[in-house]
Amino acid sequence: MNRSPWTQARRAARMNPSIIREILKVTEKPGVLSMAGGLPSADTFPVEAIKAACDRVLTHNAREALQYAASEGFAPLREWVAAKVEGLGMRVSPDQVLITSGSQQGLDLVGKLLCDAGAPVAVETPTYLGALQAFTPYEPIFASLASDDEGPLPSAIEALPHDAPGTRFAYLLPNYQNPTGRVMSAQRREAVVAAARKAGVPVVEDNPYGDLWFDQAPPAALSSLWPEGSIYLGSFSKVLTPGFRLGYIVAPSEVYPKLLQAKQAADLHTPGFNQRVVHEVIKGGFLDEHVPKIRARYKANRDAMAKALAQSLPPGCEWQSPEGGMFFWIRLPEGLDAMTLLPRAVDAGIAYVPGAAFYAHQPDPRTLRLSFVTLTPELIAEGVDKLGRMLHEALALTTAETTP
């Protein structure tokens with residue numbers, strides 16, 4: 001028996017596959033309607049605008065676009081981001097903007113900079129699975145914040161550990177959170193930031209869904225309430241296209257240089273061609289016309305799913321209709337386990353994401369996430385009907401098994 005020459009780092013054991021990516025493989029079965037992936041609708045991608053922008057960039061700036069570029073990002077795009085976040089109540093300089101290869105890279109850079117083995121990192125209950133994946137290899141101890149329908153409770157933030165090594169940051173998603181779809185009110189935002197200031201815990205604010213509101217825009221960013229104590233993450237994936245892998249970090253001057261160094265070590269810079277094409281598309285106000293079309297489409301899908309859930313799901317299921325974003329969060333009746341039921345759901349022709357993966361601690365096995373943006377209203381109704389039939393059958397079996 002040959003001994004392997006490879007000795008992996010301790011952090012490698014903490015790297016785990018994304019359950020969502022694994023589920024997406026299953027949903028490739030013919031006939032399965034997938035409400036699992038958090039994918040924007042490909043029908044919203046502005047193909048013609050991107051095609052024209054590519055042509056202009058290659059016609060006028062090909063040499064620069066195809067060359068190595070600055071690690072900070074394309075200067076005009078950084079200026080655009082700085083102006084964009086002003087609308088969220090933030091006053092920042094372009095020098096505080098770092099363009100990343102998707103906001104997922106931003107999470108990894110934050111983890112690399114701020115996480116230490118054994119140091120607490122606070123997360124919502126539940127929270128974004130991708131953030132748990134990004135932070136976990138750096139060996140933090142996750143502190144799960146007690147949360148309600150508006151997000152984390154301020155009292156839970158105040159109670160975070162102060163003693164060394166201290167809680168490094170609180171990772172928060174105030175707008176149409178993944179996975180629950182919940183949004184923080186203005187009052188909750190003020191209370192959360194006040195609690196974080198009191199506890200001396202910086203805030204990492206992730207906002208990929210903030211532009212996807214249906215009836216009214218969300219309140220001002222958490223980062224606007226504590227600029228020196230907040231890192232803000234944004235993305236072009238949900239409002240333009242995820243294929244360019246383009247996101248950004250807005251960071252205080254105290255931590256920006258080290259984030260930049262982490263970025264340089266990771267990939268030198270985000271692809272310059274992608275940045276120039278995206279800037280070419282958006283610089284004239286394109287998103288002001290484009291994003292409302294996405295909102296209208298997603299709102300119609302949200303309404304279709306809300307109606308279908310009310311008609312098809314068995315009594316005892318719990319959910320709230322989201323005010324924006326891409327997801328419904330469902331809690332099943334007592335006795336049902338969403339992970340255990342997933343193979344039966346796929347056999348019935350419908351796929352979802354079991355909610356347990358979104359918890360840092362003590363997962364709720366009765367929860368699941370449904371995306372409403374990639375299917376048509378007609379297919380949403382069909383898929384939810386299949387889900388409802390499967391759940392009715394599962395409940396009947398559970399009742400039969402527990403009846404004396």
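A residue is called buried when its relative accessible area is under 20%, exposed when it is over 50%, and partly exposed in between, as computed with a 1.4 Å probe on protein chains only. The structure is a predicted model, in which local features need pLDDT of at least 70, side-chain atom pairs count only at pLDDT 80 or more, and totals for chains, interfaces and linings use all residues. Residues are numbered from 1 along each chain as its sequence is written, and side-chain values use heavy atoms, with hydrogens and water left out.

Helices (H or I, at least four residues) and strands (E, at least two) are DSSP runs numbered from the N terminus. In helix 13, which spans residues 338-348, the buried residues include Ala338, Leu341, Leu342, Ala345 and Val346. These residues lie on the same side of helix 13, because they cover an arc of only 150° around the axis, the arc being that of the directions from the helix axis to the C-beta atoms. An α-helix has 3.6 residues a turn, so residues three or four places apart point the same way. On the other side of helix 13, Thr340 and Asp347 are exposed. Just after helix 13, Gly349 takes a positive phi of about 100°.

The bond from Thr125 to Pro126 is cis, with omega near -10°, and Pro126 lies in the loop between strand 3 (120-124) and helix 6 (129-135). The bond from Asn178 to Pro179 is also cis, with omega near 25°, and Pro179 is found in the loop between strand 7 (170-172) and helix 8 (186-199).
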